[in-house]
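Q: Got a model open here and want to go through its side-chain packing. Can we start with the aromatics?

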Amino acid sequence: MIRKVPEFVVTCMTLALMSGCVTDQTFSKKSEAAEKVKEANEKFDHITNLMSDADQAIKAGDYSTAKKSYEAILVIEPNNPRAQAGLKLIETNTRHHALISEAKALFDQGSIDNAKLKLRPVLVENPGQAEARALMQAIEAQSTKDQITPKKLKPPRSKTVTLDFRNASLQNVFDVISKTSGINFVLDPYIRQDLQASIFVKDASIEDVIDFLLMMHQLGKKILTENSIMIYPMNRANVYDDLVLRSFYLNHADPKQTMALIKSMMPIKDIIVDDKLNMLTVKATYDQLKDVERLIINEDLPEPEVVLDVEILEVKRSHLSDLGIIYPNQFSITAKSTGTTATSSSGLTWHDLTHVGPGNISVSPTATLNLLHQDGDTNLLANPRIRVKNREKAKIHIGDKIPIETTTISSSSNFASKSANYLDVGLKLDVEPRVMLNNEVSIKVNLEVSNATQTAGSTFPTVNTRNTSTVLMTGDGETQILAGLINDEDRKSANKVPGLANIPLLGRLFTDQSDSRAKTEVVLLITPHVVRNILRPDASNIEFYGGTGVRSTPINFNPMSALQQFIGAPTAAPAAPNPAGGQSAPTPNSAPSTSPAGGSSSSDGPQPLGKPVGVE
């Protein structure tokens, strides 16, 4: 017999089966989500590690390793923006390094302008590129140096010239020198056409001969290229002189004193002082700035310093003796009725005077027996140690400050105000050392010893002063002694009973004898120790050529010329044909024969006087 299952049982079983299916489906979905999260985390960690490796490789300059890391990231994540930017950065840096290498090669070859053109795109795209900035600074420094450094004339070093011109046109002389040396001359239009020159030189360098001619006619020159010169009158130097601005930062020297030194020694007007930065800005020619630099090297030296060991000893010895009896020396009568003395305002009556007794007689002072004997010995020692610069004052005060009260009354309001001024008493020492170059020290010493005493009945104290001033010369580490400031006081006083004190032997009983003596001496010991002295500059900075206004270097002719005149000249070289007519240049002792301008000669070595070679 089949029994029918109740409906509620069927319903419960159906719900149970449905719940199990749902649970299986939920668990399956959670497992899939966990797998996806784990995979995403592993992918992220892998990309992070690759990115870190790439960044480290870029910092180390290993672009190939960084490129591989970025490419591996793009394989995992094709659209990763950091990897794409990293590959672009590697490409840019590689291109920049190539440009920097090319610019460095051009700079080493001396092609500064082309090096700048190669380097400029790098700094435009990456202004913080350290290597490019360092190279650009080096290029700018070299460019500035080439710009401000005057060009130098480069005639043949071994070639000398012999000239013999009398009242010749200056332009013709320059023309002959130009043909001889290959130097081009550009003449300022303001040079007078009628200038004449008379010059007799033998075996002189071409540059010295040119400077000689310029100096004789108040002309200046500016070197345009290695073989070209501009000649101009000195009154037009401001048109041709190249001026350079330079700032000098001083460490020790005073900028105003340095400016005064420069202006007094050199014809420079454009100098600006910056007290805040302790700086001088000078505008002058390049040669003048070289001399200014030497002057500043000599001026901007550290001040010498010295340490002073000072010992101040004050010795005071005192002796006091007070022996004897002080007897009364005053008697007075007092009134019994009022108790006043004879000096009272009420005065004495006749009754008081006629009835004098023990009750109205008083004595003063009270009889006293003094038995005093006192000795004192005081030593006051101060040992300061101070460091002071050369020619600067150092002050030492050991003592007290005594207030002195002053009263000021206003005339308008009759208001009184009190103030105190303090007076220094005790021991005051002022020293001013001067350090010599040989490590000796000259010391200016001012020593004052004072003490204040208050006088009875006086508002202001009395100041007793002992002072001395001297200049000591001592070596480094030597001790100098300054003594003799002695104050010796000897006082004697005696209180005697008239008449009785004069009795022989017994008179001592009626005398009070007081003797006092005080002796004070101050001794100063001072020992200098040189900490730093002036370092002498190099000889090249101590003594150098000051110029003539036209040249910055002295004219030095070939010394072989003067030597040949004493030891004899070698055999003359064959005369070269003169392009003008095949004749040789005249000797210095004969008149010019080839042209009104006179004669000249040049040679590749020293030639004997009187037998010059023709113009080449």
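Q: Tyr-232 and Tyr-240: buried or exposed?

A: Both Tyr-232 and Tyr-240 are buried. Buried means under 20% relative accessible area, exposed over 50%, partly exposed in between (1.4 Å probe, protein chains only). This is a predicted model: local features need pLDDT of at least 70, side-chain atom pairs count only at pLDDT 80 or more, and totals for chains, interfaces and linings use all residues. Residues are numbered from 1 along each chain as its sequence is written, and side-chain values use heavy atoms, without hydrogens and water.

Q: How many aromatic pairs in the whole structure?

A: Two. Rings of Phe, Tyr and Trp (its six-membered ring) pair if their centres lie within 6.5 Å; planes under 30 degrees apart count as stacked, over 60 as edge-to-face, the rest as tilted. Phe-174 and Phe-185 make a tilted pair, 4.9 Å centre to centre with 35° between the planes.

Q: Which elements hold those two Phe residues?

A: Phe-174 is in helix H6 (residues 170-181) and Phe-185 in strand E2 (residues 184-187), so the pair ties together parts eleven residues apart in sequence. Both Phe-174 and Phe-185 are buried.

Q: And what about Tyr-232 with Tyr-240?

A: Tyr-232 and Tyr-240 are stacked: 4.7 Å between centres, 20° between planes.

Q: New topic. What does Val-209 touch?

A: Val-161, Leu-163, Ile-177, Ile-199, Val-201 and Ala-204, leaving out residues up to four places away in sequence. Contact means heavy atoms within 4.5 Å.

Q: Where is Leu-509?

A: Leu-509 sits in the loop between strand E18 (480-496) and strand E19 (511-532). Helices (H or I, at least four residues) and strands (E, at least two) are DSSP runs, numbered from the N terminus.
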